[in-house]
Amino acid sequence: NILEKDTVFRKNEIHVKAAFRIAHMKYIEEITEELHRIIHEYQEHNHYEVVIEPLECMPPVYNDEKEAEEAYLFFRQYIGDNAVPVRSEFPPHGRDDFALFQHELASGLFFFLGMANIEKGITVGMHHPKFDIDEESLTFAVKTMSMYLFHVLQSRQPKGIFENQAG
């Protein structure tokens, strides 16, 4: 991170400002303690004064395994066996806005939506000047996600709430 332009440095003084991100928030205390231990060890061996301000951590994007499995089974049934590849890694860390929403709500699933269509020549990824999107993927996404949302609401509500009440 860039220090404020009004920062005044004394001779032989080093300022370091850093943020870190971890995959599981349950380890934040342990990691923070280890960072403090390493910094203090460096300070003692090199006879430097080290001042540590509170460390801030951006929450990670983390899909709950049970919810992710439920979603996978739904999409596999709705779309087909090969339509939803399961990714074993954590979602990329560039999803800060979703991470903040997910952390605030204590739940949520992060999905990727394919937007390419080789037959139409739509193959360039985002952030490229020739990026394009297959508009049909948006229709598919809205329909599919709406059906999944209905499935989740239906499975978590008392029986009969979504049944036809006329009669």
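Helices (H or I, at least four residues) and strands (E, at least two) were taken as DSSP runs and numbered from the N terminus. The model is predicted: local features need pLDDT of at least 70, side-chain atom pairs count only at pLDDT 80 or more, and totals for chains, interfaces and linings use all residues. Residues are numbered from 1 along each chain as its sequence is written, and side-chain values use heavy atoms, with hydrogens and water left out.

The protein has four helices and two strands. Their order from the N terminus is β-α-β-α-α-α. Buried residues (under 20% relative accessible area; exposed, over 50%; partly exposed, in between; 1.4 Å probe, protein chains only) make up 16% of the 167 residues.

Helix α1 (residues 28-46) holds both E34 and R37, three residues apart, about one turn of the helix. The two form a salt bridge (a side-chain nitrogen of Lys or Arg within 4 Å of a carboxyl oxygen of Asp or Glu), with the closest N and O atoms 2.6 Å apart. E34 is partly exposed at 34% relative accessibility. R37 is also partly exposed, at 42%. A network of salt bridges links E34, R37 and E41. Five salt bridges are counted in total.

D134 and K120 both lie in the loop between α3 (96-105) and α4, 14 residues apart. D134 is buried, at 8% relative accessible area, whereas K120 is partly exposed at 46%. The salt bridge of K120 with E136 has closest N and O atoms 3.0 Å apart. E136 lies in helix α4 and K120 in the loop between α3 and α4, so this pair ties together parts 16 residues apart in sequence. E136 is exposed, at 53%.

Buried residues of α2 are E67, A71, Y72, F74 and F75. Their cover includes α4. Beyond neighbours within four places in sequence, F74 is in contact (heavy atoms within 4.5 Å) with T144, M147, Y148 and H151.

Helix α4 spans residues 135-156 and includes F140. F140 is partly exposed, with a relative accessible area of 40%.
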